[in-house]
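Subject: Two-chain model, handover and notes

Hello,

Please find the structure below, followed by my notes on what was found in it. Read them with the model open.

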Amino acid sequence: MKSWVTQLRKGLLEYCVLSAIAHGETYGYALVQRLKGVEPLALTESTVYPILNRLREDGCVKVRDVPSGNGPPRRYFSLTSLGRNRVTEMNAYWDELCEAIAGIRRNDDGSKNDEDR
Amino acid sequence: MMRTDDQAIAKIETYLKNVAAQLEGMPESRCRDLLRQLESHIHEALEARVGDRDAQVPDVEAVLADMDPPEAFRRGRRRRYWGLSLGQWALACSLSGPVLLVLLLLVHRGQSHDATPILVFWSTQAAALILGILSWRERHGKAAVFTSIALALISVLLCP
């Protein structure tokens, strides 16, 4: 079960990070705190920041550094048009997938599986 | 405005240094970027915790305790040796075997009893096999193992 959960989380990392940024420009700390609050995802700094950098290299995310009065500049992240397109495609696929899985759980004839009764 | 005392700053720098040690093999610009973001993260977390008062060592320790340990940043990263992962080295050995074999056969034309080309070929395939098995979980590790076995079988079949 643990292995399945780990693999599932790995597959969802990018989708979750992009979806979180899709709501509007945000900065690293706020983004991490938002995602950390979603317990089933178990997202932390060591997963979120490397993904953000990779998404930036892929052209899905753009950054804007704002100097702060004390400490290093605050980095804001927002989606590029490529990133927005990717999220849209991911959302469509996710909805399709959820519907398909729901169909499997319903056994396709409307009757529920034993676990769902 | 929040200020951080020197000992607290030293704690932050130690944490970042330990994270940097886990990023061995990562391109320098990416590594620098990541460390800068972590430093910003720590400062934001400290500000959220202390507000306007000065941040001290216990505050930094609390913030760092809430974050991933430096070892977590190594998770999932493959160690690199002179720029290549173990699996990539295995594949390189596997594919270089036939190339070296052909080159050496051309160089040693006429010296039919010289076993050097065959020895070099088998050595590269053995190295590829060992490296590939060691890195079996890597994408290139599996390719190297199968390539080595296939090339070795082919050479056995073609040998007179």
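Chain A has a mean pLDDT of 88, and 91% of its residues reach 70 or more; pLDDT is the predictor's confidence in each residue, from 0 to 100. Helices (H or I, at least four residues) and strands (E, at least two) are DSSP runs, numbered from the N terminus. Chain B averages a pLDDT of 82, with 88% of the residues scoring at least 70. Confidence in chain B is lowest in strand E1 (residues 80-81), at a mean of 70, and highest in H3(B), at 93. Where pLDDT is low, the predicted coordinates should not be read in detail. The model scores ipTM 0.81 and pTM 0.68.

This is a predicted model, in which local features need pLDDT of at least 70 and side-chain atom pairs count only at pLDDT 80 or more, while totals for chains, interfaces and linings use all residues. Residues are numbered from 1 along each chain as its sequence is written, chains are lettered from A and ligands numbered from 1 in the order in which they are written, and side-chain values use heavy atoms, with hydrogens and water left out.

The two chains

Chain A has four helices and three strands, in the order α-β-α-α-β-β-α from the N terminus. Of its 117 residues, 34% count as buried. Buried means under 20% relative accessible area, exposed over 50%, and partly exposed in between (1.4 Å probe, protein chains only). The accessible surface of chain A is about 7300 Å², 53% of it belonging to carbon and sulfur atoms; such areas come from the Shrake-Rupley method with a 1.4 Å probe, and for residues only the protein chains shown count as cover.

Chain B has six helices and two strands, running α-α-α-β-β-α-α-α from the N terminus. It has 160 residues, of which 38% count as buried. Chain B exposes about 9900 Å², with carbon and sulfur atoms supplying 62%.

Contact means heavy atoms within 4.5 Å. In chain A, residues 24 or more positions apart account for 49% of the contacts with a separation of 6 or more. In chain B, 66% of the contacts between residues at least 6 apart in sequence join residues at least 24 apart.

Where the chains meet

The contact takes 22 residues from chain B and 22 residues from chain A. Together the chains bury about 1800 Å², 49% of it on carbon and sulfur atoms; buried area is the accessible area (1.4 Å probe) that two parts lose on being put together, summed over both. On the chain B side, B:Gln37, B:His41 and B:Glu44 lose the most area to chain A, together 32% of what that side buries.

A:Val32 is in helix H2 of chain A and counts as buried, at 0% relative accessibility.

The core

The largest nonpolar core has 47 residues, and those with the most contacts inside it include A:Leu52, A:Ile21, B:Tyr15 and B:Ile42. A nonpolar core is a set of buried Ala, Val, Leu, Ile, Met, Phe, Trp, Tyr and Cys residues joined through side-chain atoms within 4.5 Å. H1, H2 (28-36), H3 (45-58) and strand E3 (74-79) of chain A, along with H1, H2 and H3 of chain B, each supply at least two residues of this core. Leaving aside neighbours within four places in sequence, A:Leu52 is in contact with A:Val17, A:Ile21, A:Leu31 and A:Phe77.

In helix H3 (residues 57-66) of chain B, the buried residues are B:Val57, B:Asp59, B:Val60, B:Val63 and B:Leu64. They lie on the same side of H3(B), because they cover an arc of only 160 degrees around the axis (the arc of the directions from the helix axis to the C-beta atoms). B:Pro58, B:Ala65 and B:Asp66 are exposed on the other side. Cover for the buried residues of H3(B) includes helices H1 (6-22) and H2 (28-50) of chain B.

Two single residues

A:Glu14 lies in helix H1 of chain A and is buried, with a relative accessible area of 16%. Apart from neighbours within four places in sequence, A:Glu14 is in contact with A:Ile51, A:Arg54, A:Leu55, A:Arg86 and A:Met90.

A:Ala42 sits in the loop between H2 and H3 of chain A. A:Ala42 has a positive phi of about 55 degrees although it is not a glycine, and is partly exposed, at 43% relative accessible area.

Regards
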